[in-house]
Amino acid sequence: MNASVEAQPSVEPQREKVESVVVRFAGDSGDGMQITGDQFTVAAALMGNDYATFPDFPAEIRAPVGTTFGVSAFQINFGSRQILTAGDAPDVLVALNPAALKVNISDIEPGGLIIVNTSAFKPANLRKAGYEVSPFEDGSLDNYRVFDIAISDLTIKAVEDLELSNKDALRCKNMWALGLVLWLFGRKRGPVLDWLHVKFAKKPIVVEANIAALNAGHIYGETSELPINIVPYQVDKAKILPGLYRSVVGSQAMAYGLVA
């Protein structure tokens, strides 16, 4: 099967309709959270949602891998109504390692959904993040809806036919997580696939690996048996006046203002 072709689920799941939702992607500074957030934002925009985003990244001097000082995050508030801010408390947190969970869990309201990469919750990583006991064992996650998935392991499996090194394979885990979240909110993979082909046009193996990971995450959502308290969401289009729109970040807006 051609990896760039989107597989369609045989049965569309029953979705919970929500007016707006705040999603935060969080991981290490090298996990590609800004890319993940940017691409999810494009997918939401092309579906007709209004939105606002807040990228949160560490200093240029990268902190040791796995520590709380090096956590990078990207938050998006999108919906079918007018969105004026990036949101306060995330409704959904995607945490790719223990440090990301440690830094961000205090912002999640009780009952919020946390998607956790359990592959990263090894003793060494827990110690780096300041955990004395795994949060899966001390009851600190009891007030949340937790979707625990071995994202790193599943990413490696998704790209195993490409014979990448373990390090290179793990670089695709952000795309696996993105594929799952795109499915969770009924957003299309097409814009991400197009971007990957352009971004890595000179590196076909990178394109193929990221597409394989993206599709694997999406298919996991389609085919896995979700925990009883987790359902996919439906976020309808916003009522936006017809016209030509573009995405803009604060620095770009300031530059345009200065030029004007």
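Which residues is Asn117 in contact with, leaving aside its neighbours within four places in sequence? They are Ala95, Leu96, Ile149, Ala150, Ile151, Ser152 and Lys173 (contact means heavy atoms within 4.5 Å). This is a predicted model, in which local features need pLDDT of at least 70 and side-chain atom pairs count only at pLDDT 80 or more, while totals for chains, interfaces and linings use all residues. Residues are numbered from 1 along each chain as its sequence is written, and side-chain values use heavy atoms, with hydrogens and water left out.

- Asn117 has its place in strand β6 (residues 113–117); helices (H or I, at least four residues) and strands (E, at least two) are DSSP runs, numbered from the N terminus.
- With a relative accessible area of 0%, Asn117 is buried; buried means under 20% relative accessible area, exposed over 50% and partly exposed in between, using a 1.4 Å probe and protein chains only.
- Glu163 is found in the loop between α4 and α5 (166–170), and its relative accessibility of 74% makes it count as exposed.
- Although Glu163 is not a glycine, it has a positive phi of about 55°.
- Ser134 sits in the loop between α3 (123–128) and β7 (145–149) and counts as buried at 10% relative accessibility.
- From C-alpha to C-alpha, Ser134 and Lys122 are 8.8 Å apart in space, and they are 12 residues apart in sequence.

**Helix α8**

- The 20 residues of α8 (residues 204–223) should span 28 Å at 1.5 Å a residue, and this agrees with its end C-alpha atoms, which are 28 Å apart; the expected span is 1.5 Å times one less than the number of residues.
- Buried residues of α8 include Val207, Ile211, Leu214 and His218.
- The buried residues of α8 pack against α4 (151–158), α6 (173–184) and α7 (190–199).

**How α1 meets α6**

- Two packed helices are described by the angle between their axes and the distance between the axes.
- Helix α1 (residues 33–46) packs with α6 at an angle of about 30°, and their axes are 10 Å apart; axes are lines fitted to C-alpha atoms, for helices over the stretch in contact, and angles run from 0 to 180 degrees between N-to-C directions.
- That makes α1 roughly parallel to α6 (angles under 35 degrees count as roughly parallel, over 145 as roughly antiparallel, 65 to 115 as roughly perpendicular and the rest as oblique).
- On the α1 side, Met33, Ile35, Thr36, Gln39, Phe40 and Ala43 meet Asn174, Met175, Leu178, Val181 and Leu182 in α6.
- This contact of α1 with α6 has 8 nonpolar, 3 polar and no charged residues; Ala, Val, Leu, Ile, Met, Phe, Trp, Tyr, Cys and Pro count as nonpolar, Asp, Glu, Lys and Arg as charged, and the others, Gly among them, as polar.

- Ile151, Ser152, Leu154 and Thr155 in α4 meet Lys173, Trp176 and Ala177 in α6.
- By class, the contact of α4 with α6 has 4 nonpolar, 2 polar and 1 charged residues.
- For α4 and α8, the axes come within 9 Å and cross at roughly 120°, which makes α4 oblique to α8.
- Leu154, Thr155 and Ala158 of α4 make this contact with Ala212, Ala213, Ala216 and Tyr220 of α8.
- The residues of the contact of α4 with α8 divide into 6 nonpolar, 1 polar and no charged.
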